[in-house]
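Please read them with the structure open.

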Amino acid sequence: MPAPRTGFQTIPGHLTHYLDELDLKRKDLAAALGVSLRTVYNIEYSRKRANRDLLDKLAKVLNQFAEQQPHLNNLTLTADHFIDHPSSFAAVFLQSVLLNDSSFFFVGENPIAGPDFRWKAPGSHVAIPFAGDYSGAESQVLLNRLHSTVKQVGLEEIQILHNRTNCQVYVHSISLFEHPESGEVFKFAASSDLNLSGNRLTEVQSVYDYELVAEFLQSGTAPRPRKSHPACN
């Protein structure tokens, strides 16, 4: 009976992207990680599964190398940026929303988002500036509009569920958003259905009570949540 597989399959080429961006030699990375050059190649080209502790250390080391280069933006990598699994894609998606940076979707020769990636945020664009249907790199426009509309001041809850049957990942979060004028804080509960095809992210459908959000943006006062959710009816 074969031994159970351990560790995580990595995304081929993701490490290559960051090595090139940092102008970092593989032997220097191997030395910093305390592993063989072969292990670095295994991670880079997904030749063998890697344990999460090693991938966590890899992300930390790359972030440190980026900090030593003032001409580069600081990296905020985690192990999930290298793991080829829907739940890790969801974690990267959440981080991208928090940091206002959708570039993580399109890294390397094997990006986690497919070429026809779409992101749908319901509601009227007049009432909610970030609402709309975005394609590909336009997802950064959505995030820019979101972050220019409200300020996120906290995160109370995150849930990630992977449904293997229908190739979907469900992400639920409760964030604390501050109104730019009144300074009042609103609990923003949102869910996103991440649809996958060929183990790559193709579509995100965000779900939230857009009438409550519109009321908050217009009045500056946090409204009471209703029992029914109009976005789910």
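The points below take up the sheet, one of its residues, and the nonpolar core.

1. This is a predicted model, in which local features need pLDDT of at least 70 and side-chain atom pairs count only at pLDDT 80 or more, while totals for chains, interfaces and linings use all residues. Residues are numbered from 1 along each chain as its sequence is written, and side-chain values use heavy atoms, leaving out hydrogens and water.

2. An open sheet of mixed pairing is formed by 6 strands in the order β2-β1-β6-β5-β4-β3, with β2 (132-135) and β3 (151-163) as the edge strands. Strands are DSSP E runs of at least two residues, and helices are H or I runs of at least four, numbered from the N terminus; two strands pair if DSSP finds at least two bridges between them. Antiparallel β3 and β4 are joined by 11 bridges, and L161 stands opposite Y170 in β4.

3. S175 lies in strand β4 (residues 168-178), and counts as buried because its relative accessibility is 6%, where buried means under 20% relative accessible area, exposed over 50% and partly exposed in between (1.4 Å probe, protein chains only). Among the residues that S175 touches are G154, L155 and F186, contact meaning heavy atoms within 4.5 Å.

4. The largest nonpolar core has 63 residues, and L15, L58 and F82 are among those touching the most other members; its largest share, 7 residues, comes from helix α4 (residues 52-67). Such a core is a set of buried Ala, Val, Leu, Ile, Met, Phe, Trp, Tyr and Cys residues joined through side-chain atoms within 4.5 Å.

Key: Lists of a residue's contacts leave out its neighbours within four places in sequence.
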